Amino acid sequence: MLRTFRIILINSIIGTLLFSYLYYSETKGLLNYIENIWLVVGIITCSNILGWGILYLGRLTDRLYPWRKSIIIRFNIELVINFIGVIGLLLLLFSMYSQIFLRIGISAFISQHPETTIRVIILVFVSLLIYNIIDFALFSYNQYSVVQIESVKLSREQL
């Protein structure tokens, strides 16, 4: 339960910060969160959908190609799978948003905002790169812990 709450909180904070950056870079002004509460709720919902999707894709990648096989290949596979998955989800979410609120197609939305589209792609890639580095660090720490526990067990058995 605490882990789930922590994941939701982290997803919400990261999504809000990234959107705030995109909003500021597009309008050169800060978003009034109180006046745009439904937009903020939508951002938090979308960021949690994306965050849970990334966690699911990471677990799927673990089953298909675990870290133990090859760290470099696994790192790149997870980065590519997550990138394709997140871009696909973002296209779906942007498509729904542009159809419902703007009444235009996704291609028209992208052609009207090419710089923002490039910023989104770069932000997604950098965020996923950081996520993969943290995921690898956690895996390495867990492996180190397992080795330390095994060495303590072996030394106790020898005593």
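This is a predicted model: local features need pLDDT of at least 70, side-chain atom pairs count only at pLDDT 80 or more; totals for chains, interfaces and linings use all residues.
Residues are numbered from 1 along each chain as its sequence is written, and side-chain values use heavy atoms, with hydrogens and water left out.

Helices here are DSSP runs (H or I, at least four residues) numbered from the N terminus. Helix 3 has 32 residues and spans 44 Å from its first C-alpha to its last, which is close to the 46 Å expected at 1.5 Å a residue, the expected span being 1.5 Å times one less than the number of residues. The residue that follows helix 3 is R103, with a positive phi near 60°. Buried residues (under 20% relative accessible area, with exposed meaning over 50% and partly exposed in between, for a 1.4 Å probe and protein chains only) in helix 3 are R74, F75, E78, L79, N82, V86, L90, L93 and S98. Their cover includes helix 2, helix 4 (106-112) and helix 5.

The model contains 2 salt bridges, each defined as a side-chain nitrogen of Lys or Arg within 4 Å of a carboxyl oxygen of Asp or Glu.

| Salt bridge | Closest N and O atoms |
|---|---|
| R74 and D62 | 2.2 Å |
| R74 and E78 | 2.5 Å |

Because R74 lies in helix 3 and D62 in helix 2, their pair ties together parts that are 12 residues apart in sequence. R74 is buried at a relative accessible area of 0%, whereas D62 is partly exposed at 36%. R74 and E78, both buried, are 4 residues apart in helix 3 and so are separated by about one helical turn.

Leaving aside neighbours within four places in sequence, L93 is in contact (heavy atoms within 4.5 Å) with C46 and L50.

I118, I122, F125, V126, I130, I134 and L138 make a nonpolar surface patch of about 640 Å². One of them, F125, lies in helix 5 and is partly exposed, with a relative accessible area of 37%.

Methods:
Patches are made of residues with over 30% relative accessible area and no salt bridge: like charges are joined within 9 Å, nonpolar side chains (Val, Leu, Ile, Met, Phe, Trp, Tyr) within 5 Å. Accessible areas come from the Shrake-Rupley method with a 1.4 Å probe; for residues, only the protein chains shown count as cover. Helices (H or I, at least four residues) and strands (E, at least two) are DSSP runs, numbered from the N terminus.
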